[in-house]
Amino acid sequence: MSTLVSIIVPCFKQAHFLKDSLRSVLDQKYANWECIIVNDGSPDKVFESAKEWTAKDSRFIYVEKENGGLSSARNFGIKHSKGSFILPLDADDILNPDYLEKTVFQLEKNPSLAIVSCYSRFFVKEKVNVVYELKPQGETCGDLLYVNQLIATSLYRKECWEEVGGYDENLKKGFEDWEFWISITKNGWKYKIIPEFLFFYRKAKKSMLVDTVSNHAISIKEYIFKKHQECYIDDFENCISVLFYDQSVLLKNNKNIKNSLEYKIAKAIVKPYRMFQKMWSKK
């Protein structure tokens, strides 16, 4: 295996985690890589943290830009890259030492593959504190339409990034990687999941993913459905089934909330204030 891999590490307000992420890069058994650290206009000490690593190993490269969001930072880093394969890596996540060795092998031996991913472990604070295990499935675009089967830190061919025009910089609230995978695979490319835990995702109470799922999931899904509407039209019957299932789950959850003791107590507490508001509005 001799293909150069460009590892892209955007960093915004995560300088304190950067050392763990970059250490996992340096510990890779596969040695033919460059690691581009992108300071996305971060107010913390990203430069100081990155400087330590660029001094330690010339394969670490530091670049900086004005803040523009994750898609913008990844695109910026890739534009500065020289590798034929690309690996995005968030500044707070960790690679297993044989991640590159095993994923590069798959891309090199199979020209029909665009993306190679793996099983993941979600951890809190320390890598040993595993709270969840993710085992994605599938291999084609159809497997990605309703659930993102691929973690953002998946190895892919740079030519695929060029083919689709990079990450969509309109997606500033999340799911940019999901949309990116659909853009690639709808052109006929396939992906492969290595059934091994080669990646560790740091789970935080406050994160972009948590914010996306809690506050922006519906609007972003609508954007993705419209952008790739030909895929969903071709899968019309299944699409309708998924949408109505989601609606039924939402209605059930709302009903459960209204029947909960907490909701009834809160309703009783605010009732006098609503009555006062009505009386005041009549004056």
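This report walks through the predicted model, from its overall make-up to single residues.

**Basis and overall make-up**

The model is predicted: local features need pLDDT of at least 70, side-chain atom pairs count only at pLDDT 80 or more, and totals for chains, interfaces and linings use all residues. Residues are numbered from 1 along each chain as its sequence is written, and side-chain values use heavy atoms, with hydrogens and water left out.

The protein has 10 helices and nine strands. Both are DSSP runs, numbered from the N terminus: helices are H or I with at least four residues, strands are E with at least two. Of the 283 residues, 45% count as buried. Buried means under 20% relative accessible area, exposed means over 50%, and partly exposed lies in between, using a 1.4 Å probe and protein chains only. Contact means heavy atoms within 4.5 Å. Among contacts between residues at least 6 apart in sequence, 81% join residues at least 24 apart.

**Helix H1**

Helix H1 spans residues 18-26. Its buried residues are Leu 18, Ser 21, Leu 22, Ser 24 and Val 25. They cover an arc of only 150° around the axis, which puts them on the same side of H1. The arc is that of the directions from the helix axis to the C-beta atoms. An α-helix has 3.6 residues a turn, so residues three or four places apart point the same way. The cover over these buried residues includes strands E1 (5-11), E2 (33-40), E3 (60-65) and E5 (94-95), along with helix H2 (46-56).

**Val 38 in strand E2**

Val 38 is found in strand E2. Val 38 counts as buried, at 0% relative accessibility. Leaving aside residues up to four places away in sequence, Val 38 touches Ile 8, Val 9, Pro 10, Cys 11, Val 63, Lys 65, Ala 73, Phe 76 and Gly 77. The C-alpha atoms of Val 38 and Ile 61 are separated by 8.6 Å, and the two residues are 23 apart along the chain.

Strand E4 covers residues 85-88. Phe 85 and Leu 87 point one way, Ile 86 and Pro 88 the other, and all are buried. In a regular strand the side chains alternate between the two faces of the sheet. Two strands pair if DSSP finds at least two bridges between them. E1 and E4 run parallel and are joined by four bridges. Here Ile 7 has Leu 87 of E4 as its bridge partner. E4 and strand E8 (residues 155-157) run antiparallel, joined by two bridges. Ile 86 stands opposite Tyr 156 in E8.

**Two nonpolar cores**

A nonpolar core is a set of buried Ala, Val, Leu, Ile, Met, Phe, Trp, Tyr and Cys residues joined through side-chain atoms within 4.5 Å. The largest has 37 residues. Ile 115, Tyr 156, Trp 181, Ile 184 and Tyr 232 touch the most other members. Elements giving two or more residues to this core include helix H3 (70-79), strand E6 (113-123) and helix H6 (176-185). H6 provides the largest share, five residues.

Tyr 232 touches Leu 145, Tyr 146, Ile 182, Ile 224, Phe 225 and Cys 239, not counting residues up to four places away in sequence. A second, separate core has 35 residues, including Val 5, Ala 50, Trp 53 and Cys 118.

**Aromatic rings and charges**

The whole structure holds 14 aromatic pairs. In the pair of Phe 180 and Trp 181, the ring centres are 5.3 Å apart and the planes at 50°, so the pair is tilted. Rings of Phe, Tyr and Trp (its six-membered ring) pair if their centres lie within 6.5 Å; planes under 30 degrees apart count as stacked, over 60 as edge-to-face and the rest as tilted. Tyr 156, Tyr 167, Phe 180 and Trp 181 form one aromatic cluster. Phe 180 is buried at 0% relative accessibility, and Trp 181 is buried with a relative accessible area of 0%.

| Charged residue | Ring | Distance from ring centre |
|---|---|---|
| Lys 56 | Trp 53 | 4.1 Å |
| Lys 127 | Phe 200 | 4.7 Å |

A charge sits over a ring if NZ of Lys or CZ of Arg is within 6 Å of the ring centre and within 35 degrees of the ring normal.

**Positive phi in two loops**

Most residues other than glycine have a negative phi. Lys 125 has a positive phi, near 65°. Lys 125 lies in the loop between E6 and strand E7 (130-134) and is exposed, with a relative accessible area of 67%. Phe 175 also has a positive phi near 65°. Phe 175 lies in the loop between H5 and H6 and counts as buried, at 16% relative accessibility.
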